[in-house]
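Take a look at it before reading on.

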Amino acid sequence: MEAGSSKLQNHRDFHEQLESLDDQPDNFSGNSTLDDVVEKSRRNFMKGGLGLAMAGFLAGCMGTTGQSHNGLGGSAAGNLRRADIGFKPIPIEQDPMFDAINVPEGYTASVFFSWGDPVEKGARPWRPDGSNSWREQMKQAGQNHDGIWFFPFADQPDDHGLLVMNHEYINPTLHPNGLTITENPQGFKQRPAHEVKKEMAAHGVSIIEVRKQSDGHWQQVKDSRYNRRITGFTPMDLTGEVAGTDFLKTVADPAGLEVLGTLNNCAMGVTPWGTYLTCEENWKNYFVNRDAEDYAQRPAHQRYGVAQDKNSKNYAWESVEPRFNATPDHHAPHGGYVNEPNRFGWVVEIDPFSPDSTPKKRTSMGRLVRECSTLSLGDDGRMAFYFGDDTRGEYVYKFVPDQAYKPGNPAANRDILDHGTLYVAVFHDDGRGEWRPLVFGHNGLTRRNGFTSQADVLVHARRAADILGATTMDRPEWVAVHPQTREVYVTLTNNKHRGQKEDQQTNAANPREDNRHGQIVRFTEANADPTATHFNWEMFLLAGDRPGATLADGSPVPEHFVGDIKGDIFSSPDGIWFDYQGRLWIQTDYGDDEERNSNMGTNQMLCCDPVTAEVKRFLTGPRGCEITGVTTTPDGKAMWVNIQHPAISFPASDGITRPRSSTVLITRDDGGVIGT
């Protein structure tokens, strides 16, 4: 994004710039550690809630008490039902101009829902030249589809439901000629107001009603009362431990109880009571604090990577919307908007079956650069929600609510996420692990170390985790929980800083220097209890090339780029999800034009047997895209997968039309279960 440029920015250059921002670690702590010093009574739940979609998952969780296997301290392998994976895997896609979707023989993939498609009643059609106004964008699908979930209606759970998905960020394709950026004489970037408003409108969440027709084809239900866009403008309640405290108060919200919008919505989660959890990831890149002295003393900005320069890292919204300028204003109440960044980084709970409801940012779950919020439900209704803090050298967390889930008691479940304990993970080199609680007054989280309250700990969760001695991880992203054993799988996408920076030395869970291909770690909580404070872990797989492989120029692949995958190779695991039958789906996010990835082809989705760790390639995407987000109907016969930021012209695939992030529907030609 060069100053003064109004040309449509090159796809590769734009995403390399975003990647370079994410490459910057925010963890410079050096870790001074402690070691060193399906009920049916909920309104709208079974009218169309989560219950039946979660039936297989919850039955597995609540019907199995065996522990994990393969050295994780239990014998569940004997009770574990093998995943039936019967499709013929597809080859890597190497064509540099590939602009479509490949799936196995006997399957069909069709584009279902793309950026700009109408969502709310009265929405205008998408204009191929990018000229829709910001007001039109407010009612249309946003850009960069990511996490996704299918919520079924109870009367036809496999044929009718709500599809809910995140829109993470925007591409220059949003505007006719890309992002218009100029600089004033003082060097501050300037943006047109109508472009900024359209960009804010293209963030957030889409909710659409979908139905299978009598001819077997799925369609969006137009003008449904459930169809809804949630954007960067949508009012949201701040709830939980931090709500109403000085940390969240601004000149525009002196009560600290309401915030406008949600940003950089990446992965997601769901609750047993039928709500959707969208997670705010790289929100830090939308803010700037120009006061160097204040910034140096403000860990709420510094430790999270808020920009300290003339401009925010992404988009320069502060030139139009004052709340994105977090420079303290000593003449304004509450310092102006200095606390606005504290109002992002939360789990946002949305009730998709209540279209007039207000989304709630659940602050008791902690403030992170959060990838997901994945549920594990115990036999007794106790829960944990797992998170990856998606930055190189950050940590894995979980939140344990104080209260158990109570089927049949909607009132009791309504605000469960406002009360509980946030934990951070320590992965010991001997395969043991522990969860250390982020609780004010304990384990160094005291006034002596600068904390004043539990709200303070949650706003500064990263700093609290530093003090607790959490294990730095190679960019922790999505988490998946096995529906039978409750084994937890975490994708660690990559980390070029591993072994290169003093505070990111190799360890057993992150064993490779200059780790460009990533890994998946698996662990089991003690007694398969989601609320346990100890676990056993192992390396599930190291992504990368096969031994003896060569790069495009004929040179051997460096040893630290070699993986141990049983089956089809891939790089940079990102999205990960268990379907209801226990198949593990893995999605990738790597630069498909990078030399180190020359053997990987375009980004892909693979299916893995968690018992044998055998991997089979199921889908390859168009050049330049990321594959992210996957969900199915409860019977597993319809699958939706998101194709984010394709580079050429997908889904038109004509070499001319501007590309659109899209949701793809996959079915078996014989009507069978996906993956078998």
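Q: Which residues have the most contacts inside the largest nonpolar core?

A: They are Phe387, Tyr397, Leu438, Met605, Phe618, Met639 and Ile666, in a core of 101 residues. A second, separate core of 38 residues includes Val481, Cys608, Ala613 and Val615. This is a predicted model, in which local features need pLDDT of at least 70 and side-chain atom pairs count only at pLDDT 80 or more, while totals for chains, interfaces and linings use all residues. Residues are numbered from 1 along each chain as its sequence is written, and side-chain values use heavy atoms, with hydrogens and water left out.

Q: What does isoleucine 666 touch, not counting residues up to four places away in sequence?

A: Contact means heavy atoms within 4.5 Å. On that basis, isoleucine 666 touches, among others, Val103, Tyr107, Phe618, Met639 and Ile674.

Q: Why does threonine 250 count as buried?

A: Buried means under 20% relative accessible area, exposed over 50%, and partly exposed in between (1.4 Å probe, protein chains only). Threonine 250 has 0% relative accessibility, so it counts as buried. Its place is in the loop between β9 (235-239) and β10. Beyond four places in sequence, threonine 250 touches Pro333, His334, Gly336, Tyr337, Asn339, Glu340 and Arg343.

Q: What lies 3.1 Å from a polar atom of the side chain of threonine 250?

A: That is the backbone nitrogen of aspartate 253.

Q: Why is one side of β10 and of β11 left without a neighbour in the sheet?

A: Two strands pair if DSSP finds at least two bridges between them. The open sheet of 6 strands runs β10-β9-β14-β13-β12-β11, with mixed pairing. β10 (258-260) and β11 (265-270) stand at its edges with a single partner strand each, so one side of each has no neighbour in the sheet.

Q: How do you know that β11 pairs with β12?

A: The two antiparallel strands are joined by 4 bridges, and the cut-off is at least two. Methionine 268 has threonine 278 in β12 as its bridge partner.

Q: What makes β26 a partner of β30?

A: These strands run parallel and share 2 bridges. Lysine 566 stands opposite glutamate 614 in β30.

Conventions. Core = buried A, V, L, I, M, F, W, Y, C linked by side-chain atoms within 4.5 Å. Polar contact = N/O pair within 3.5 Å; in protein donor to acceptor, adjacent residues only side chain to side chain.
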